[in-house]
Amino acid sequence: MNTKIRVLETETGVRETLGKFLVRLLESGEVHSVFALRKTPQVGRFCRSLVSDPDLVDELVPFLPVMPVQGAAALTALTGTEPPDAPVAVLLRPCELRAFVENVKQAQGSLENLFIISCTCPGVIPASVQAGKDPGEISMTGPDNVRSTCETCTQLVPGPQADMTVILAADRETPGTVILLNSDRAVTLAENFGEGSIGTGEDGHARTAETLRLRKEAREAFLAGGPVAGKGMDSLVSLFASCIGCRGCREACPLCTCILCDYETSRTLPSPELVRLETDLRGALRVPAGTLQFHLGRLTHISPICVNCGQCSDACPVGIPVAEIFLAASVSVQEALGYEPGMNPEEPTPMSTFRPDELGDITD
Amino acid sequence: MRDVLLNLMLRALESGVADYVLTPSRGPGGTFPWILVNDVRLLDRAEPFPPVMYVQGAKALASFARSPFGGKVLAVMRPCEARAAVELSKLDQVTMQNVYFLTMDCPGAVPVKSYRNGDFTEPDPGEPESLRPLCRQCTHFTGAGDLFLALHGGPPVFRPVTGSGRELLETLGMETGEDRAEWVEWRDALLRHRKEARKRGMEDMRRSYTGLGGLARLYGGCISCRNCRTVCPICYCRLCFIDMKDRRSPASDHLHRSGERGGDRLPGGTLLFHMGRMAHMSLSCVSCGMCEDACPSDIPVGRMVSMVSEKTAAVFGYEAGRDTEEPLPLNTFEPDELHEYED
Amino acid sequence: MTVGKRIGVFVCACGPNIADVLDIERVAGEIGKLDGVILSETFGLLCSPDGRKHLVSRIRGNDLHRVVIAACSPRDHETTFMKVCEEADLNPFMMEMVNIREHVAWVTPDRDAATEKAVRLVRGAVRRTMRHEPLEKMKIVCNPDTVVIGGGLAGMTTAILLAEAGRQVTLIEKSDSPGGFLSGDRRVAEPARTVSSGKKGIKMLLNTQPEEIVGFFGNFVLSAGNMEIKAGAVVLATGCIATENGGFAPAEDFGRLAELLRLPLDDEGFPEREHASLSPLATPIEGVYVTGCAGGPCFPEEAVARSEAVAGAILSSLVPGRELETEPRTSVISETLCRGCKTCLEVCTYGAISFDAEKLVCGVNGVLCRGCGNCAAACPSGAIRSRHFTPDQLRYQVEGLLR
């Protein structure tokens, strides 16, 4: 299906176009602040930041393919207790937008007063690859060595909450910048931008159909033959065996918003009596105990809503393929539950709804 | 060295002097998980004093020994881990009764990142470049716990530190003897060297990061991952003050700040977290360096906390990890102190 | 709260039921050796008057703080033994019952295996009771008023009968006049005049439909628009309609009403009954009745007869001044740990959880909560504690079973 959509096209590259657009948004007062990736001055690293001063837009690196912090986690920190009382333009990758929508469903954020600019996403590079690179060295539209969750990502077109979609990943390279205008507000702001021209063109799906096909192939290959292919319960022990309990995966995950993780409380952690009992039974026991319990618990709670952003693998200091494990699990769990995370803020989360006639193929 | 330690562990279990041994072990993927062992046949996995520190030994101990464990445990740990356990016992997170600490002339540890890259040499106190920054300036590298293995100035020999340590060696029919002169010489020389390194290191930190601007730069790359807190043995709180729900700033605060200053990073509260954490735990900091090793942004967290801790502990004449009976300054009220800080 | 001692264990022979299959003396003997158990004995039939007297005297005489009774199913005698505790001045929630009849004697033929299983189960219960806490039942006075939904012949008749007996009735009608299916018919003319006349005891609300109903028998709250109507009983008199294929179905909006009440329906969409023959006008929800064609098509005379029966049932059960005990085994939400995700609210079938938009946390109404535990199970943060089924109590029980 070839849907036509309003499109803004400029002759300048993405970095320049976006920079000018964001300055214009701030100077005109259309938005109070912009929320995007920012270079941390003096330190050569990146962070998420609000910027209200047009002069500081230079420090922003919107859509640079790095993810020091998952955008949804940062946006939850911003809107978790109340929505902003003035418009904010937020730049989010499709998975960050989906994660944020999931958080909104669990009352951990608000979509109010946000003007959302997303992109067709070519992926982000892992922290280890990114270390020490200059932003200029990283390609916006086709970065090398992206995360495996990015290579196999089939949601490269953002969901309906995105007001604008910057075309980064595309089947055909175009000179200049193409931005899809998905909402009336987007059209108005594009008109007020005063640069480039507004016409109609293909939507995000049409522009990335071939890329999607390749991603789907990559995903099939991953599920059939990747690092966790064919591994079941018995392999989970060895997959998580090198875990040192740093909980970096939980901290990095945008969907893990519990104030205190249930798997960190005395309620669930093995008691001293149990440690002693198990040590006596087996002759030796790893301590602190409860490693697999934590991961199984997180898998249970998160796999129905996981957006496969890959932050967890990036955060792991001992190289456990957490994101890959969650990808394999979430694909089958979400299929069984008939659920697509983050596409519709009105759709209730599967774990809070009971349908008497479901999962018959799993239950006896 | 490993064989000598393994032999003692074996004898301790066989003779009943210990019911359990707590030691690092060889784990999958180049890791060294702590294991609690009571079957001698499984001791062959033991790998005491591995080249890296993945989990602070005191944390591993605290995970099961908060209340009296109901069996004698011989804990084979680094001096900083034994000292952290001393602090944790004062904080009611470890019961020391029936736990004996066996330490060693600590070779130090290599940074986890270097280890995982394969880019390291075996830790050697004589080669400071091989060690983590905190190890290079560590002045508590030996003589900790109840007994320790002296490696230098002759064949390895066990030396008691406390009465329990002495008893343990005597029960096993081992010599308790005197410190060898060569060993004393080695220790004193290294101590001098380390003190000097520490002094230089602290001065560097002070110079580089003075004032709020300096601190903002120090923590500029912080992504609020909380790794430093999670791996710290002294940070035992399940829910950190900074993560309490009522600490969250509403959007209006963030927008207001951004409007005033031009921008506002999120998540925020970075400096508050680090300062607050130091206020809470620096007095008990044993400079083990876990925090710095765990930081994904290469921030010299440990060196800063260690420096602050030296100053704050000095106010009270306190030394972390020295004595289980020494009360925690923040928990004790002395009417006649700190007058010099009053107006 | 200290972990409790002074536990008394009583193993019932249950006549031949239990004693013939497993060695109850050995069970009592093994259990008697456990830490905290100061008394462990057998008895012939604990539920008998003698048995109960014996229990009271043993509890008092030995100053027992916790009691374990290994006998039949709690469905049979949990209430009995809880009353025994109350009589002996022991909080009834300090007692734990173990079913060694249905769960052991009736299903385990091998004597040794049965005895061993009984020992384990009782050991689990002993460990569990160590973590029991006394719980207080609250008493609330029942609300003797009634709300009738539907102003047709059946609804009006019910309302008039109750009002004549001196009760307050709110009659809710979705259209702008009473009469329902028989509107215009002379048979409803007089009742319609009565209910419209402001007759003492009847308040009629036209153009009104319920939006929310929470509560339980003696304590319902129905919300419609800005109004909150409190009543002790709810009568469904919403009528029925003819379907295209010649059958009958409940009125159009009945499905939504049933959802509000979480009322089970049969295959045709009509409400389930408490018992098809013995209680055909009561629904499985205590305090919610059905009259007229809302329960299935009937002639006007039958509708009136049903209304008379329902009015009678309400008059005799909702006696003014009658006290109702609330369930103390409710859920409690920790404000500190709750992040306000509302998963608990979604899974609560009793409408007992509400969201505080100021504090951004959820809270449980202790009176409405029926202690089902759905919320505690669903909470991802572990922020909800089920009283009398706390993690500690369950863990102790499991450890007692497995060790």
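1. Helices here are DSSP runs of H or I with at least four residues, and strands are runs of E with at least two. On that basis chain A of this predicted model has 14 helices and 9 strands.

2. Chain A has a radius of gyration of 22 Å, close to the 21 Å that the globule rule gives for 364 residues, so the chain is as compact as a globular protein of that length. The C-alpha trace of chain A spans about 75 × 50 × 35 Å along its principal axes.

3. Of the 364 residues in chain A, 51% are buried. Taking the contacts in chain A between residues at least 6 apart in sequence, 75% join residues at least 24 apart.

4. In chain C, one helix pair can be described in detail. Helix α7(C) covers residues 153–164 and helix α8(C) covers residues 186–196. Their axes come within 10 Å and cross at roughly 50°. An angle of 65 to 115 degrees would count as roughly perpendicular and one under 35 as roughly parallel; α7(C) and α8(C) are therefore oblique to each other. The crossing of α7(C) past α8(C) is left-handed.

5. On the α7(C) side, the residues that meet α8(C) are C:Leu153, C:Met156, C:Thr157, C:Ala159 and C:Ile160. Their partners in α8(C) are C:Arg187, C:Val188, C:Pro191, C:Ala192, C:Thr194 and C:Val195. By class, the residues of this contact between α7(C) and α8(C) comprise 8 nonpolar, 2 polar and 1 charged.

Conventions: Residues are numbered from 1 along each chain as its sequence is written. Chains are lettered from A and ligands numbered from 1 in the order in which they are written. This is a predicted model: local features need pLDDT of at least 70, side-chain atom pairs count only at pLDDT 80 or more; totals for chains, interfaces and linings use all residues. The radius of gyration is taken over C-alpha atoms; the globule rule is 2.2 Å times the number of residues to the power 0.38. A residue is buried if 20 or more other C-beta atoms lie within 10 Å of its own, exposed if 12 or fewer, and partly exposed in between; C-beta atoms are placed from the backbone. Two residues are in contact if their C-beta atoms, placed from the backbone, lie within 7 Å. Axes are lines fitted to C-alpha atoms, for helices over the stretch in contact, and angles run from 0 to 180 degrees between N-to-C directions. Angles under 35 degrees count as roughly parallel, over 145 as roughly antiparallel, 65 to 115 as roughly perpendicular and the rest as oblique. A crossing is left-handed if the near helix is turned anticlockwise from the far one by less than a right angle, and right-handed if clockwise. Ala, Val, Leu, Ile, Met, Phe, Trp, Tyr, Cys and Pro count as nonpolar, Asp, Glu, Lys and Arg as charged, and the others, Gly among them, as polar.
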